Structures are given as C-alpha cells and as structure tokens.
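This report goes through a few local features of one protein model. Please look at the sequence and the structure before reading on.

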Amino acid sequence: MNEHESIPTFKWLGGWPCLDFVDSKNWDSHEAKYERFHHYPDLVWWNHQAGFLSDVEVETLLEPAQQQPARAQAVFERGMTLRTEIHRIFSRIAAGESLAESDLAGLNHLLLDESISSTIIPAGQGYTWSWGGEANALERVLWPIAWSAAELLVSDKLGRVGQCAGESCGWLFLDTSRNGSRRWCEMKHCGNRAKARRHYRRTKG
Ligand SMILES: [Zn+2]
C-alpha cells in the first residue's frame, strides 16, 4: 500500500465542517491553482482529519475503493458536485439572498439516502452522529458533509455565515468574532493581499 505517501493536507479555517470542505479549491479563479481533491481517497482523508473516520474506518474504505475504482470514482464525482452545491447554498446565504427549493435538491437527495440511517451516540462530554449502513459503503464519506450542511442550515448560526472579501477567493466561514467583523478566510493570505493592493494603488496614484 502506498496511498499513505500522498495523504493530502487540508485547511480548517471555515469554523464548520461543510465550510471547511468547500474551502478546498479556488472558486472564483479560472486558474484553479488551489485544489485539494483529486480522487476518492482524498475524501477519506478529509473525513479522517475532520474527525469523522477512525484509523480503522479509513482502512475499511481505502481497500474496497481500490477494488472498485469505477464506484469510487462515481462517489468522488458526487462529492465534488455536493461541494459545488454547498458552496452555492452558503454563498447565497452570506450574500443575504434566499434559497429556492431547487438549490437544496441535491443536498436533500443525499439526506434521503436510506442507507445513512444515522443515530446519536455518546462521544466524550457530549454526543455525535453515528452512521449506519455497511461499514465499507464508499458513500459514507459524503454523509458527515451533507449532515454538517443540514445542521448549519437549521441552526441559529446561519446568520453568521460569511464569505471572504478577497478577489478570486470565494471561501466561506462561520464568523465567530464578537462584533461579526470577520472579512477574510485568512488574514495572512487574502487580507494581506488586499492591503498590498491598496498600498500599490495609493503609491501609484
Ligand atoms: Zn480568501
């Protein structure tokens, strides 16, 4: 097995799982310089790093994915569609727009998947989702993401969803600042670039 050689690293700036998932590519840039997902195992590793899959569960998914490449690819593509759908949903919410039922259709379709059969189990001091279905169901990498989006949509935190003000960024976050003043995905990235641009324009003008 050599898949461990290429474990990707992800950024965790969104403050909510489904927003972290969305913050894994350049949304508004045509150059697509930043893209963290290339094939099915990347979804497994994302879930692992997000705390949704244990080490053992990672293995129970990577093995069958290797044996069923076509099915793994189909789940991967569904995951990338889900990412686009979640990005559209929360970009519109961040912009203060309301959603049409059709905006939620893809997400709802996934939530209706009866193989998910989620239950609540104790975890540490609190509780968490436990996913039913077969342990090696390749689709299970999509469920925590879909549930995370559903939970955010019905939560009172929804008004705190924001979008980075950086050019060619499009990343989303949950603004946990006291006065709701967060503007950037990452100050040291988009924030500083905007500052440098302002400085350039000032000195030019
Ligand atoms: Zn940004």
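How many disulfides does a search of the whole structure find? The model is a predicted one, and the search finds zero disulfides.

Cys 169 has a relative accessible area of 4%. That value is under 20%, the cut-off for buried, so Cys 169 counts as buried. Cys 185 is also buried, because its relative accessibility is 6%.

## A strand hairpin

Strand β1 covers residues 119-123, and strand β2 covers residues 126-130. The two strands pair in the antiparallel sense, with five bridges between them. Within this pairing, Ile 121 of β1 is placed opposite Thr 128 of β2.

Two residues lie between the strands of the hairpin. In this hairpin, Gly 124 has a positive phi near 60°.

## A pair of helices

Two packed helices are described by the angle between their axes and the distance between the axes. Here helix α2 spans residues 40-49 and helix α3 spans residues 55-67. Their axes come within 10 Å and cross at roughly 170°. Angles over 145 degrees count as roughly antiparallel, so α2 is roughly antiparallel to α3.

On the α2 side, the contact is made by Tyr 40, Pro 41, Val 44, Trp 45 and His 48. On the α3 side, the residues are Asp 55, Val 58, Leu 61, Leu 62 and Ala 65. By type, the residues of this contact divide into eight nonpolar, one polar and one charged.

Conventions: Residues numbered from 1 in each chain as written. Predicted model: local features only at pLDDT ≥ 70, side-chain atom pairs only at ≥ 80, totals over all residues. Heavy atoms only, no water. Disulfide = S-S within 2.5 Å. Buried < 20%, exposed > 50% of the residue type's maximum accessible area, 1.4 Å probe, protein only. Pairing = 2+ DSSP bridges. Helix = DSSP H or I, 4+ residues; strand = E, 2+ residues; numbered from the N terminus. Axes fitted to C-alpha atoms, helices over the stretch in contact; angles between N-to-C directions. Parallel < 35°, antiparallel > 145°, perpendicular 65-115°, else oblique. Contact = heavy atoms within 4.5 Å. Nonpolar A, V, L, I, M, F, W, Y, C, P; charged D, E, K, R; others polar.
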